[in-house]
Amino acid sequence: MPTAVSPKLVSDKSTYAQDSDTQQPNHRLMVELRSTAKTYLNGHNALLDVNLAVKQGEFLFITGPSGSGKSTLLKLLYGEELPTQGEVIVDGCDVACLRGDRLSLFRRRIGIVFQDYKLIPQRTVAENVTVVLQAQGYTRKEIQRRLEPTLKLVGLLNKADCFPEKLSGGEQQRVSIARAIIATPPLLLADEPTGNLDPDNSWQIMQIFQKLNSFGATVIVTTHDEQLVRRCGHRVVQVHNGRLHQITE
Ligand SMILES: Nc1ncnc2c1ncn2[C@@H]1O[C@H](COP(=O)(O)OP(=O)(O)OP(=O)(O)O)[C@@H](O)[C@H]1O
C-alpha cells in the first residue's frame, strides 16, 4: 500500500525528502555499476566495462554522441535491459535479480522522463499525471492531495484539464515530469528530456530537475546539449563507443 504523505508534498523540500526516503546519509550510493557490459542479442556491444558510482542526492549528466550507449545505460538502471556482464545496483538492489512484483515495486521508486513525453492523447493533463497512481491503488483522496502541488511545481496548475495536443512541447514535457515525480521517487532518470525543446524550454526543464535535486532526489540526465550541461555545473560523465569517461568530478 502507498504510504501517507503530507499535503504539501513536492512543493516542500522537507516533505519530499521525508516522503521519498532521501534523508539517509548522502555518502550512500544510489547507483553503482561494477564492470558492467551490455551486448544486445544481435551481437552489438552497447556498453563495455562500465564502472560508475552515483551518490544519493547527486545530479549527474551523461553525455555522448548518438549511439554511444547512453539510453542503454539508463535502461539497465530501471531494469528494461539486463547486463550481460557485471552488476547494476540501484537503491541497494541488484537489478538483475528482480522479477515480477519485486521488479514492479522497485520501478515505483524510479521516475522516468523520455524525450518524446509518452503522454496519452485522449487523457487530460491531470489524468496523464495520475494514471499510474490509480493503477497502483492510491486512494482518490491521496491522488488529489498529490496532484495540486505536483502541477504547481512544474507550472501547470492552470492546465490540469487540457489535453496534450493543446500544449506546447515544453508543457508536454512538464506533464511527463509531473507524472514521473508525483509518487516522489528518490531517483529520477531523464533520457534526452530536452531533445525536442528550444533553449528556453530546455532551461525551464533543467530548473525543475535542479529543484527536485535540491529536495533530495538523485537525478541522472542524458543529453547532447553541452551548453545546458555547462550552465548547470553538475558532474558529467561521457559515454563514447560504449565506454564511460569521467569528465568532471
Ligand atoms: N534493442 C537493441 N538491439 C540491438 N542493438 C541496440 C538495441 N538498442 C540499442 N542498440 C544499439 O546500441 C547502441 C547504443 O544505443 P543507445 O540507444 O544506448 O545509444 P544512445 O547513446 O542513447 O543514442 P541516442 O543519443 O541516439 O539516443 C547503438 O549502436 C544502438 O543501435
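Visitor: How many residues of β7 are buried?
Guide: In this predicted model, 5 of the 5 residues of β7 are buried, so the strand is mostly covered.

Visitor: Which of them point which way?
Guide: Leu187, Leu189 and Asp191 point one way from β7, and Leu188 and Ala190 point the other way. Residues on both faces are buried.

Visitor: What does β7 pair with, and in which direction do the strands run?
Guide: β6 is joined to β7 by 5 bridges, and the two run parallel. Phe114 has Asp191 in β7 as its bridge partner. β7 is also joined to β8 by 5 bridges, again in parallel. In that pair, Leu187 stands opposite Thr218 of β8.

Visitor: What is the strand order of the whole sheet?
Guide: The order is β6-β7-β8-β3-β9-β10, an open sheet of 6 strands with mixed pairing. The edges are β6 (110–114) and β10 (243–246), each of which pairs on one side only. From one strand to the next, the twist averages 20 degrees.

Visitor: Which helix packs on that sheet?
Guide: Helix α7 (residues 199–214) does, touching β3 (59–63), β7 (187–191) and β8 (218–222). The direction of α7 makes about 155 degrees with that of β8.

Visitor: And at the β10 end, how many bridges are there to β9?
Guide: Strand β9 (residues 235–240) is joined to β10 by 4 bridges, and these strands run antiparallel. His240 stands opposite Arg243 there.

Visitor: What joins β5 to β4?
Guide: There are 2 bridges between β5 and strand β4 (residues 85–90), and the two run antiparallel. Val90 is opposite Cys93 in β5.

Visitor: Switching to the ligand. What surrounds it?
Guide: The residues around the ligand are Tyr40, Asn42, His44, Ala46, Gly64, Ser66, Gly67, Ser68, Gly69, Lys70, Ser71 and Thr72. By class, that shell has 2 nonpolar, 9 polar and 1 charged residues.

Visitor: Which element gives the most to the shell?
Guide: Helix α2 (residues 70–77), with 3 residues.

Visitor: Now the core. Which residues touch the most other members?
Guide: In the largest nonpolar core, which has 59 residues, they are Ala178, Leu188, Leu189 and Phe209. In soluble globular proteins, nonpolar side chains tend to be buried together.

Visitor: What is Ala178 in contact with?
Guide: Beyond its neighbours within four places in sequence, Ala178 is in contact with Val129, Thr150, Leu151, Val154 and Leu156.

Visitor: Where do they sit?
Guide: Ser35 lies in strand β1 (residues 29–39), while Thr184 is in the loop between α6 and β7.

Visitor: And are those two buried or exposed?
Guide: Ser35 counts as exposed because it has 12 C-beta neighbours inside 10 Å. Thr184 has 25 inside 10 Å, so Thr184 counts as buried.

Visitor: Last, some totals for the chain. What are they?
Guide: The secondary structure comes to 8 helices and 10 strands. Of the 249 residues in the chain, 41% are buried. Among contacts between residues at least 6 apart in sequence, 70% join residues at least 24 apart.

Note on methods:
Residues are numbered from 1 along each chain as its sequence is written. This is a predicted model: local features need pLDDT of at least 70, side-chain atom pairs count only at pLDDT 80 or more; totals for chains, interfaces and linings use all residues. A residue is near a molecule or strand if its C-beta atom, placed from the backbone, lies within 6 Å of it. Ala, Val, Leu, Ile, Met, Phe, Trp, Tyr, Cys and Pro count as nonpolar, Asp, Glu, Lys and Arg as charged, and the others, Gly among them, as polar. Two strands pair if DSSP finds at least two bridges between them. Axes are lines fitted to C-alpha atoms, for helices over the stretch in contact, and angles run from 0 to 180 degrees between N-to-C directions. Two residues are in contact if their C-beta atoms, placed from the backbone, lie within 7 Å. A residue is buried if 20 or more other C-beta atoms lie within 10 Å of its own, exposed if 12 or fewer, and partly exposed in between; C-beta atoms are placed from the backbone. A nonpolar core is a set of buried Ala, Val, Leu, Ile, Met, Phe, Trp, Tyr and Cys residues joined through C-beta atoms within 7 Å.
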